Amino acid sequence: MEPDVLAFDFDGVICDGLIEYFQTAWRAYGRLFKPDSLEPPAGLAEQFYPLRPVIETGWEMPMLLRALIAGKTAEDIISNWPQMALPFLEETKLTQAEAAKVLDGERDHWIATDLDNWLAQHRFYPHMLSVLQASLDKRPTYIVSTKEGRFIQQLLKQSGVAMPPEKILGKEVKRPKYETLRLLVNSHMNNGRPPTLWFIEDRIKALQAVKQQSDLDHVELFLADWGYNLAPERQTAQEDNRIHLLSLDSVVQKFDIA
Ligand SMILES: [Mg+2]
């Protein structure tokens, strides 16, 4: 079976933004904790990357670095996050919103002063640009993301994928992903029947939120196992009768681009 309409999340599904994520977190860490050196300790990035899935909001990013520098282990962090981050936040004497603002400010400054360098910190997962292009050639295909659409547009353009801007629904639409999916369903009705819509996402919580919308119960949900998720979340997807666990190999087969 093939979908009538396909919606991809961007970060953690098509684009691997881990390097940018770490760099931005480190810049914010510098502002918040004033380390002696402006260079991150050796090995810190490699410790940070696999723990990326524990982070839900921006303020946690520099706190994760603080936890690692304080010697917390990955096991500890995985089982006690985000509570574990709170004492580190207290050290900064800032609220969550204020700490998030520092992080956003660092990213905005980087983008404003050296956009090319910022864009260059992004990678694409193997095959995913071909999968996206093949889907674009075949059916209405969307990106539903919490990253700003203009940056997605630019990253894709640099990589040779011509995606119409109106098909990129980023942070600027200011609504939850399930709401965007609902709009997509409504705009692709076929003789009063909803389209077959597939949604590929790497955060299980976003998929679970779609699951709670009873009018979206025909939307097929896929958890991208190559993205920012942990083994227990993949296990949950595997045991869920609604959510399908998807690997990079199977995505290639499913979309017949090999
Ligand atoms: Mg994602």
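Into which domains is the protein divided? In this predicted model, the protein is divided into domain 1, made of residues 5-16 together with 123-254, and domain 2, made of residues 18-119.

**View 1. The contact between domain 1 and domain 2.** The C-alpha centres of domain 1 and domain 2 lie 26 Å apart, and the contact draws seven residues from domain 1 and five residues from domain 2. On the side of domain 1 that touches domain 2, helix H9 (residues 149-158) gives the most, with three residues. By class, that side of domain 1 has three nonpolar, three polar and one charged residues.

**View 2. Gln154 in helix H9.** Gln154 is found in helix H9, and it counts as partly exposed because 16 C-beta neighbours lie inside 10 Å, a number that falls between the 12 or fewer of an exposed residue and the 20 or more of a buried one. From C-alpha to C-alpha, Gln154 and Asp108 are 16 Å apart in space, and they are 46 residues apart in sequence.

**View 3. Helix H1 and the helices packed against it.** Helix H1 (residues 18-33) has 16 residues and reaches 21 Å from its first C-alpha to its last, which is close to the 22 Å expected at 1.5 Å a residue. Among the buried residues of H1 are Tyr21, Phe22, Trp26, Tyr29 and Leu32, and the buried set also includes Glu20 and Arg27. The buried residues of H1 pack against helix H2 (44-48), helix H3 (60-69), helix H5 (86-92), helix H6 (96-113) and helix H7 (115-119). Just after H1, Lys34 takes a positive phi of about 45°.

**View 4. Two separate nonpolar cores.** In soluble globular proteins, nonpolar side chains tend to be buried together. The largest nonpolar core here has 40 residues, and those with the most contacts inside it are Ala7, Phe8, Leu181 and Phe199. Leaving aside its neighbours within four places in sequence, Ala7 is in contact with Tyr142, Val144, Leu181, Leu184, Leu197 and Phe199.

**View 5. The open parallel sheet.** Six strands form an open sheet in the order S5-S4-S1-S6-S7-S8, with parallel pairing. Strand S5 (168-169) and strand S8 (243-246) stand at the edges, and because each has a single partner strand, one side of each is left without a neighbour in the sheet. Strand S1 (residues 5-8) and strand S6 (residues 197-201) run parallel and are joined by four bridges, with Leu6 standing opposite Trp198 in S6.

View 6. Most residues other than glycine have a negative phi, and most peptide bonds are trans. The peptide bond from Trp81 to Pro82, however, is cis, with omega near 5°, and Pro82 is found in the loop between helix H4 (74-80) and H5. Lys174, in the loop between S5 and helix H10 (177-187), has a positive phi, near 55°, and counts as exposed because 7 C-beta neighbours lie inside 10 Å. Asn191 lies in the loop between H10 and S6, where its phi is near 50°, again a positive value in a residue other than glycine; with 4 other C-beta atoms within 10 Å, Asn191 is exposed.

Technical notes
Residues numbered from 1 in each chain as written. Predicted model: local features only at pLDDT ≥ 70, side-chain atom pairs only at ≥ 80, totals over all residues. Domains from an automatic or database assignment. Helix = DSSP H or I, 4+ residues; strand = E, 2+ residues; numbered from the N terminus. Nonpolar A, V, L, I, M, F, W, Y, C, P; charged D, E, K, R; others polar. Expected span 1.5 Å × (residues − 1). Core = buried A, V, L, I, M, F, W, Y, C linked by C-beta atoms within 7 Å. Pairing = 2+ DSSP bridges.
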